[in-house]
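Please find below a note on the model under discussion.

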Amino acid sequence: MGTAIRIDERSAQDGECCGRASEARGDAYEWFVDHAKQCGRMTSGHHNLNFLMPILHGDLAEQLGHLPNSPVKVRVPIHDALQVVPRTWRHEARLLFALQDCVPNVPALLKGGRASSVHVYVDGVTLSTVCPPEKWVDDVYIQALTDLFGVLAQVRREDLPPLPLRWPRTGDSSGYLRRLARLTDACVRRPNWGRFGTLLASLGVPPNTMRAYAERVPGMQPRPYALLHTDLHRDNLIVTGDPARPLFFLDWELASYGDPLHDLATHLVRMRYPDDQQSDVIEAWRDVMHSVRPEAATGLDTDLPRYIAFEHAQSVYPDVMRAATRLLGDLDVNNLDTQVGAVRHALLKAQKPLGLRPVDGRKEIRAALLDWRRDQMRIRGGREALRKWRRGRF
Ligand SMILES: Nc1ncnc2c1ncn2[C@@H]1O[C@H](COP(=O)(O)OP(=O)(O)O)[C@@H](O)[C@H]1O
Ligand SMILES: [Mg+2]
């Protein structure tokens with residue numbers, strides 16, 4: 001999750017930074033990225049390191065077609081990040097290029113590549129800073145969010161980067177949910193099973209769980225596919241203070257093309273609205289869809305709960321794996337308690353949709369996590385010893 005940073009709070013460090021940025025040698029872009037990695041103010045999510053730089057210097061600004069001396073963000077993927085979500089498009093930058101002309105209030109991409117990208121920095125704070133989870137979200141922001149959903153429903157497939165092979169066809173709502181479940185199994189559960197399989201199995205999540213879920217996906221009403229963000233939570237929304245465009249929408253890495261109810265479901269779960277606001281948001285979404293693409297709201301009352309259930313089901317993998325990896329390193333009792341709580345919460349949420357009979361006692365969960373940690377520390381120690389031995393030999 002990101003931290004909110006106001007660009008004007010960073011001036012002390014930035015003066016020095018920008019002094020040196022004008023001394024760029026060699027390839028100006030590569031130099032700037034290296035410089036940002038050293039001197040930029042870092043915020044990190046689960047998949048990227050973001051380095052915020054208050055000024056993009058004259059020559060490079062001109063090269064990238066941006067206003068000189070204005071703030072930018074350098075985004076660098078974390079290479080050994082846990083793979084916890086399937087991705088429809090491998091490179092966010094390609095999608096961002098496509099969105100520049102058809103979706104408003106997305107930070108402009110100045111340059112994008114595999115190793116790094118540079119985006120315009122939007123001055124403001126994340127919504128989570130002014131309105132933390134469980135707090136009532138102002139109507140102005142709900143309007144901005146539902147307007148975004150309306151725009152996304154009208155983006156044409158041909159304006160997007162190509163989809164993976166054998167992507168289900170628009171209108172095939174069950175096919176889309178089935179594809180999501182199969183991708184979760186193939187791209188999240190399977191590659192991580194070698195490392196986390198014993199832990200998941202000992203918590204009551206056997207290896208065939210998600211595949212079995214995919215086979216049980218029920219028939220659903222047809223809805224036309226739309227561009228989906230799928231990760232609209234309070235840390236990915238920048239509050240600008242400008243009434244004409246109150247929110248900017250960040251972080252399009254998990255974007256996809258499919259059933260619009262999937263986007264609404266991930267949004268409702270990840271935003272953590274207060275209970276009595278959630279139904280207002282659903283109605284606001286329905287109203288917008290009725291005016292731009294009425295068929296998108298077909299079957300909402302029966303099918304939205306299915307996507308919400310899937311969101312809880314799939315998150316058992318990231319939630320358990322992240323909690324476990326947070327225990328590597330020094331063992332701290334408070335941290336252990338927090339991670340036991342996180343695992344228990346994830347298991348209870350996933351229990352019904354996945355048909356699990358999970359371990360739910362805190363004591364058993366703690367024991368499973370500690371067993372896993374002990375094995376991992378042993379493997380780590382073994383690797384370290386091997387490395388030392390090799391160094392001594394050659
Ligand atoms: N263009 C931007 N304008 C303002 N703040 C930004 C911008 N991009 C990122 N941030 C800050 O960095 C954090 C992480 O950025 P994000 O794009 O969500 O990456 P991640 O993949 O790491 O979650 C955000 O929560 C926000 O605080
Ligand atoms: Mg983010």
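The points below take up conventions, confidence, the metal site, a pocket and backbone geometry.

1. Conventions. This is a predicted model, in which local features need pLDDT of at least 70 and side-chain atom pairs count only at pLDDT 80 or more, while totals for chains, interfaces and linings use all residues. Residues are numbered from 1 along each chain as its sequence is written, chains are lettered from A and ligands numbered from 1 in the order in which they are written, and side-chain values use heavy atoms, with hydrogens and water left out.

2. Confidence. The chain has a mean pLDDT (the predictor's confidence in each residue, from 0 to 100) of 91, and 93% of its residues reach 70 or more. Residues 1–15 have pLDDT below 50, and this stretch makes 34 contacts in the model beyond near neighbours in sequence; a contact means heavy atoms within 4.5 Å.

3. Metal site. Asn236 (OD1) and Asp251 (OD) coordinate the magnesium ion (ligand 2) at 2.1 to 2.2 Å. Asn236 belongs to the loop between β7 (226–228) and β8 (237–239) and Asp251 to the loop between β9 (247–249) and β10 (256–258), so the pair ties together parts that are 15 residues apart in sequence. Donors are N, O and S atoms within 2.8 Å of the metal (3.2 Å for Na, K and Ca); water is not among the atoms, so sites may look incomplete. Helices (H or I, at least four residues) and strands (E, at least two) are DSSP runs, numbered from the N terminus.

4. Asn236 is buried at 5% relative accessibility, whereas Asp251 is partly exposed at 21%. Buried means under 20% relative accessible area, exposed over 50%, and partly exposed in between (1.4 Å probe, protein chains only).

5. Second largest pocket. This pocket holds about 520 Å³ of space, and among its 22 lining residues the closest to its centre are Pro77, Arg87, Arg90, Arg114 and Glu253. A pocket is an open set of points on a 1 Å grid over the protein atoms alone where a 1.4 Å probe fits, with protein on both sides within 12 Å along at least five of seven lines; lining residues have an atom within 4 Å of a point. β3 (72–77) and α4 (92–99) each supply at least two lining residues.

6. Backbone geometry. Arg166, not a glycine, has a positive phi of about 55 degrees; Arg166 sits in the loop between α6 (139–152) and α7 (173–203) and is exposed at 73% relative accessible area. Thr230 also has a positive phi, near 70 degrees, but is buried at 6% relative accessibility, in the loop between β7 and β8.

Key:
Grid points are joined across faces, edges and corners, and a volume is the space filled by probe spheres set on the points.
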